[in-house]
Amino acid sequence: MLGAPGAGKGTQAQILEKRFDVWQISTGDLLRMHRHEGTPLGLQASEYMDRGELVPDSLIIAMVETALGGVEDFILDGFPRTVAQAQALDALLDRLGLPLDAVILFEATPEALFSRLTARWVNPRSGRSYNSITRPPLVAGVDDEDGGPLEQRIDDQPDTVRNRLAVYERQTTPLIEYYRETGKIVAIDALADVVSMTESIVDGIRSKVGSVL
Ligand code: AMP
């Protein structure tokens, strides 16, 4: 799954995981887990994540190689994000004797993604989450239930979001060209509703690999 932050890759990967009984591997989720558990990788990755920068390729590639051990059918969400990662993935798939079926490209303007990403507010005490556009609290910045302050995740704050989108533009969009020549790209509208996005993805994968799904 290839697309900017906020394009809905994670949501779609989770839907497809359940529907087709395949594994979804999200490098963002894996890194957050490492950070939560305080592993050496989590500690190293943390500062990059908070700034909205990419974690160095060598760390990510090693983590994905471990995650893919023994798995045959999987969806990669948030990986590869650089040409070096894409080359490492090609080499890894070769070694495992697995084909790459399709590259789902989530298309949306940076402006739309910026509003989507900066709209999330959470209650740090309960984890309850709001969206200032689609599900606003009764009073801006205040939790409906306990009346305490809401916070924005560090990487959802406007400056960090701007940086994440710029990093995508600079480091990840070259992958569109990288994969275009393989003929595997399925482009979908990332601003469509969740259900029709899933259908477009399924149709697109079917068009690439026949009746597998
Ligand atoms: P995500 O939840 O996919 O937006 O990822 C959150 C953060 O984890 C990113 O802003 C990066 O700092 C880091 N990250 C996730 N996947 C990768 C990757 N493939 N390469 C480098 N950094 C990554």
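Which element gives the largest share of the lining of the second largest pocket? In this predicted model, strand 3 does so, with 3 residues. The pocket in question has a volume of about 620 Å³. Of the 26 residues that line the second largest pocket, Phe74, Ile75, Leu100, Asp101 and Ala102 are the closest to its centre. Two or more lining residues are given by each of helix 1, strand 3 (74-77), helix 5 (83-96), strand 4 (103-107) and helix 9. By class, the lining of the second largest pocket comprises 23 nonpolar and 3 charged residues, with no polar ones.

The largest pocket holds about 1300 Å³ of space. Its lining is made up of 48 residues, and those nearest the centre are Pro5, Gly6, Leu117, Arg120 and Arg164. Helix 1 (9-20), helix 2 (27-37), helix 6 (110-117), strand 6 (129-131), helix 7 (158-172) and helix 9 (194-209) are the elements that give two or more residues to this lining. The lining of the largest pocket divides into 18 nonpolar, 18 polar and 12 charged residues.

The structure holds 2 cavities of 30 Å³ or more. About 40 Å³ of space lies in the largest cavity, which is lined by Met1, Leu2, Gly3, Lys9, Gly78, Phe79, Pro80, Arg81, Tyr168 and Thr172. Strand 1 (2-3) and helix 7 are the elements that give two or more residues to the lining of the largest cavity. This lining has 5 nonpolar, 3 polar and 2 charged residues. The second largest cavity contains about 30 Å³ of space, and its lining consists of Ile61, Val64, Glu65, Phe79, Ala88, Leu89 and Leu92. Here helix 4 (57-68) and helix 5 are the elements that give two or more residues. Of the residues lining the second largest cavity, 6 are nonpolar, none is polar and 1 is charged. Phe79 belongs to the lining of the largest cavity and to that of the second largest cavity.

Phe79 also takes part in a cis peptide bond, which runs from Phe79 to Pro80 and has omega near -5°. Pro80 is situated in the loop between strand 3 and helix 5, and Pro80 is among the residues that line the largest cavity. Most residues other than glycine have a negative phi, and most peptide bonds are trans. A positive phi of about 55° is found at Asp21, although Asp21 is not a glycine. Asp21 lies in the loop between helix 1 and strand 2. With a relative accessible area of 70%, Asp21 is exposed, because exposed residues are those over 50%.

Gln24 is placed in strand 2 (residues 23-26). The relative accessibility of Gln24 is 13%, so Gln24 counts as buried, the limit being under 20%. Leaving aside residues up to four places away in sequence, Gln24 touches Ala13, Gln14, Glu17, Asp29, Ile75 and Asp77. One of these contacts, Ile75, is among the residues closest to the centre of the second largest pocket.

Two helix pairs were also described. The axes of helix 1 and helix 9 come within 10 Å and cross at roughly 65°, and the crossing of helix 1 past helix 9 is right-handed. On the helix 1 side, the contact is made by Thr11, Gln12, Ile15, Leu16, Arg19 and Phe20. Helix 9 contributes Val194, Met197, Thr198, Glu199, Ile201 and Val202 to the contact. By class, the residues of the contact of helix 1 with helix 9 are 7 nonpolar, 3 polar and 2 charged.

For helix 6 and helix 7, the axes come within 10 Å and cross at roughly 145°. Helix 6 passes helix 7 in a right-handed crossing. Pro110, Leu113, Phe114 and Leu117 of helix 6 meet Pro158, Val161, Arg162, Arg164 and Leu165 of helix 7 in this contact. The contact of helix 6 with helix 7 has 7 nonpolar and 2 charged residues, and no polar ones. Leu117 and Arg164, which take part in this contact, are also among the residues nearest the centre of the largest pocket.

Note on methods. Residues are numbered from 1 along each chain as its sequence is written. This is a predicted model: local features need pLDDT of at least 70, side-chain atom pairs count only at pLDDT 80 or more; totals for chains, interfaces and linings use all residues. Side-chain values use heavy atoms; hydrogens and water are left out. On a 1 Å grid over the protein atoms alone, a cavity is a set of points where a 1.4 Å probe fits but cannot get out, and a pocket is an open set with protein on both sides within 12 Å along at least five of seven lines; lining residues have an atom within 4 Å of a point. Grid points are joined across faces, edges and corners, and a volume is the space filled by probe spheres set on the points. Helices (H or I, at least four residues) and strands (E, at least two) are DSSP runs, numbered from the N terminus. Ala, Val, Leu, Ile, Met, Phe, Trp, Tyr, Cys and Pro count as nonpolar, Asp, Glu, Lys and Arg as charged, and the others, Gly among them, as polar. Axes are lines fitted to C-alpha atoms, for helices over the stretch in contact, and angles run from 0 to 180 degrees between N-to-C directions. A crossing is left-handed if the near helix is turned anticlockwise from the far one by less than a right angle, and right-handed if clockwise. Contact means heavy atoms within 4.5 Å. Buried means under 20% relative accessible area, exposed over 50%, partly exposed in between (1.4 Å probe, protein chains only).
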